[in-house]
Amino acid sequence: MSRLAGKIVLITGASSGIGAACARQFAQSGAHLIITARREEKLTELKKAIQASQPECQIHVSKLDVQDNESVNQMVNDLPDNFKKINILVNNAGLAIEIDTVDKVELDAVDKVLNTNVRGVIYMIRAILPGMRERKNGHVINIGSIAGLEAYPHGGLYCASKYALHALSESMRHELADTPIRVTEIQPGMVETEFSLVRFKGDADRAGNMYKGVQALNGDDVAEAVVFAASRPAHVAVADMLIMPTCQSSSKIPVKRH
Ligand code: NDP
Ligand code: 8X3
């Protein structure tokens, strides 16, 4: 039997890309899901699609903006009883906005990127980790980035947010080493999702140019790594996993970003 059978997995940013792929793959492994994001209609579609092939998979849908601490707490408090004992938290919601030198970043982008990629993760951890500590059971999986290990030009804001997530993951790993709770950071390179479309504010040409001539990863490639980490035996902790397309060797991708 799968080690993930019957586990409760909460995924942020499950409406698209890596998060949606994680939801599908955890469901295939027998887990039950709490799927969250701002676009509730996408989550409802995903729930229907998953339950069409895995009718036994229980799925709770919750519209959530991780930037809002009160909403995060309310979402967790309002979980139905059968979803309250979260085993695995996948902090996946995140975004980049534009490609700019640090002196040119838009102030609105500073708020959105840091509030989502950093504060949002802290809010989720504050709301969910205490329950994991009480139950002496849990796994926090943070979706970092190669951009959190190696900064690239014109990406300072996004890189800073992912460096912060890397630090949070490392601190938590130390803090939880004397508990059964595991912390994993998955650090993808280029993944073709809605990420670039969001980054370039809906400009499909600019987004498409990012992946021209490059075989990028897809959401499923990353989800496989997430599910691998989550399904190790209880005494095995996957700390970090850097996963890139074969044609990528550093964050300075073979594509001109600006
Ligand atoms: P997508 O744009 O396809 O997915 C991003 C997800 O995050 C969406 O489901 C979106 O849902 C959700 N999201 C964004 N802002 C918020 C918010 N404030 N509250 C709740 N949910 C939010 O991109 P990816 O799947 O590629 O990105 C997933 C993660 O992977 C991100 O953390 C990203 O930084 C990271 N990553 C991506 C890489 C790539 O090349 N694509 C590489 C390395 C890391 P909604 O809009 O419905 O709220
Ligand atoms: C997103 C990857 O390098 O395109 O984390 O910014 S990158």
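I started with ligand 2: its shell divides into five nonpolar residues, three polar and no charged. My classes here: Ala, Val, Leu, Ile, Met, Phe, Trp, Tyr, Cys and Pro are nonpolar, Asp, Glu, Lys and Arg are charged, and the others, Gly among them, are polar. The residues around ligand 2 are A96, S145, I146, A147, G155, Y158, M190 and S251. I count a residue as near a molecule if its C-beta atom, placed from the backbone, lies within 6 Å of it.

A note on what I am looking at: this is a predicted model, in which local features need pLDDT of at least 70 and side-chain atom pairs count only at pLDDT 80 or more, while totals for chains, interfaces and linings use all residues. Residues are numbered from 1 along each chain as its sequence is written, and chains are lettered from A and ligands numbered from 1 in the order in which they are written.

Next I looked up ligand 1. I found 30 residues around ligand 1, the closest being G13, G17, R38, R39 and G94. Two elements give two or more residues to this shell, α1 (17-28) and α6 (195-199). The largest share, three residues, is from α1. By class, the shell of ligand 1 holds twelve nonpolar, 13 polar and five charged residues.

Then the whole chain. I see eight helices and seven strands; these are DSSP runs numbered from the N terminus (helices H or I, at least four residues; strands E, at least two). The C-alpha atoms fill a box of roughly 50 × 40 × 35 Å along the principal axes.

On to helix packing. Which helix does α1 pass in a right-handed crossing? The partner is α8, residues 219-230, packed at about 55° with the axes 8 Å apart. I take axes as lines fitted to C-alpha atoms, for helices over the stretch in contact, with angles from 0 to 180 degrees between N-to-C directions. The pair α1 and α8 is therefore oblique. For the angle words, under 35 degrees is roughly parallel, over 145 roughly antiparallel, 65 to 115 roughly perpendicular and the rest oblique. A crossing is right-handed if the near helix is turned clockwise from the far one by less than a right angle, and left-handed if anticlockwise.

In α1, the residues meeting α8 include G17, A21 and F26; contact asks for C-beta atoms, placed from the backbone, within 7 Å.

Last, I checked α3 (residues 69-77) against α4 (residues 107-135): their axes come within 9 Å and cross at roughly 30°. So α3 and α4 are roughly parallel. The contact uses N69, V72, N73 and V76 of α3 with Y123, M124, A127 and I128 of α4. I noted six nonpolar residues, two polar and no charged there.

Terms used: Two residues are in contact if their C-beta atoms, placed from the backbone, lie within 7 Å.
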